[in-house]
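Please read it with the model in view.

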Amino acid sequence: MAEFNTRILIIGSGPAGYTAGIYAARSGLEPILVSGLESGGQITLSENVENFPGFAHAVSGLELMNNMRSQAENLGVKIINDKIVEVDFKHRPFECSSENHDVFYAESIIIATGASAKWLNIPSEKRYRGFGISVCATCDGFFYRGKDVVVIGGGNSAAEEALYLTTFARSVTIIHRRDALRADQHLQNKLLHNPQIHIKYNCTIEEFIGPENPPKIEAIKLKNVRTDKTEIFKTDGVFLAIGHQPNTSIFQNQLELDKNGYIKTKPGSTQTNIEGIFAAGDVKNPEFRQAIIAAGSGAMAAMEAGRWLSK
Ligand code: NDP
């Protein structure tokens, strides 16, 4: 068990966390960043990232995040591969304990723990993650020009992803487990009036089908929940839009969260309801789930934390 004292503790190692680290280190604040067990965050699931400025050619999400980590380390961010499992924000310095039983005392904290896409958790899914199964149409839709794809889910995200995908794909089939979508009516109207979009109701995915080496989706096995009948449905790609879960369970009872569990911040700021605690990236922003937005938000949090510390 070790004890650390720091002016800024950053929790999380996605684009928001590393960028916060880079800015805090350059301000001479000697931040400590606790990376979590899967360093790099959600974007490491993307095989090709073409929309992060600064790269003339696509980079993999993993490479992008490895570069960000090295940049942060080179600038002096102390990165610790561990997971914060308990926090006490009731008094200062704030106290955070880790899975490895280390304790961090911090004058200020930047939370950048992100939000995780929900997965179906069926056995064949892992094999094709990033190879035909995506959780982000904005990130991966471009690679399906002229192809036939499916979107799983019936909420606003599914409807928006389906509409977005029609820019590239030849056809988009929404597959929903019930007999009615929960997406807002105006989005449903847009779906109904788009000839590229088809909807299959009352269907769940039983299996993903395709070559394994290299992995490539060619079809999915669907089950009609009303009749129990199964069918093999050909597709080139699957976009999951079954919701996201903000990684905020350890902050419940400590910070103000919205009804979906995202951290509330002051408008136009990363400041939470507790002075000295800031939140950046997807953990506070369910609307723009993009690496560049998270990175910008991380920079903002570091600047706001720096100003607060120098008061
Ligand atoms: P939602 O929770 O609203 O919808 C998730 C959808 O996925 C539901 O239709 C649900 O089915 C389905 N689903 C969940 N789990 C499974 C599963 N295991 N297998 C198959 N289907 C599953 O999530 P969203 O991401 O769509 O939206 C989150 C929030 O963000 C909502 O409040 C939404 O309104 C908001 N949002 C708003 C937008 C806008 O206003 N433009 C855009 C995007 C999101 P079922 O219906 O049966 O529960």
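P214 sits in the loop that runs between β12 (203-209) and β13 (219-224), where strands are DSSP runs of E of at least two residues and helices are runs of H or I of at least four, both numbered from the N terminus. The peptide bond leading from N213 into P214 is cis, with omega near 0 degrees. This is a predicted model, in which local features need pLDDT of at least 70 and side-chain atom pairs count only at pLDDT 80 or more, while totals for chains, interfaces and linings use all residues. Residues are numbered from 1 along each chain as its sequence is written, and side-chain values use heavy atoms, with hydrogens and water left out.

A cis peptide bond also joins R92 to P93, here with omega near -5 degrees, and P93 belongs to the loop between β4 (84-88) and β5 (94-98). Most peptide bonds are trans, and most residues other than glycine have a negative phi. Against that background, D228 has a positive phi of about 70 degrees although it is not a glycine; D228 lies in the loop between β13 and β14 (230-234). N253, likewise not a glycine, has a positive phi of about 70 degrees, and its place is the loop between β16 (244-246) and β17 (277-279). D228 counts as exposed because its relative accessibility is 53%, and N253 is exposed as well, at 74%; buried means under 20% relative accessible area, exposed over 50% and partly exposed in between, with a 1.4 Å probe and protein chains only.

Around the ligand there are 14 residues, of which N156, S157, E160, R178 and R182 come nearest, a residue being near when one of its heavy atoms lies within 4 Å. By class, this shell holds three nonpolar, seven polar and four charged residues, where Ala, Val, Leu, Ile, Met, Phe, Trp, Tyr, Cys and Pro count as nonpolar, Asp, Glu, Lys and Arg as charged, and the others, Gly among them, as polar.

| Residue and its atom | Ligand atom | Distance |
|---|---|---|
| G154, polar backbone atom | oxygen | 2.9 Å |
| S157, polar side-chain atom | oxygen | 2.6 Å |
| E160, N or O atom in the side chain | nitrogen | 2.7 Å |

Taken alone, the ligand exposes 910 Å², and the protein buries 66% of that, with accessible areas coming from the Shrake-Rupley method with a 1.4 Å probe.

The second largest pocket contains about 310 Å³ of space. A pocket is, on a 1 Å grid over the protein atoms alone, an open set of points where a 1.4 Å probe fits, with protein on both sides within 12 Å along at least five of seven lines, and lining residues have an atom within 4 Å of a point. Of the 17 residues lining the second largest pocket, F131, G132, F143, Y144 and D236 are the closest to its centre, and the lining comprises seven nonpolar, five polar and five charged residues.

S116, in strand β7 (residues 115-117), is partly exposed at 25% relative accessibility; S116 and P246 are 130 residues apart in sequence but 6.2 Å apart in space, C-alpha to C-alpha. A302, in helix α7 (residues 291-309), is buried, with a relative accessible area of 3%, and A302 and S27, 275 residues apart in sequence, have their C-alpha atoms 8.8 Å apart.

Technical notes:
Polar contact = N/O pair within 3.5 Å; in protein donor to acceptor, adjacent residues only side chain to side chain. Points joined across faces, edges and corners; volume = space filled by probe spheres on them.
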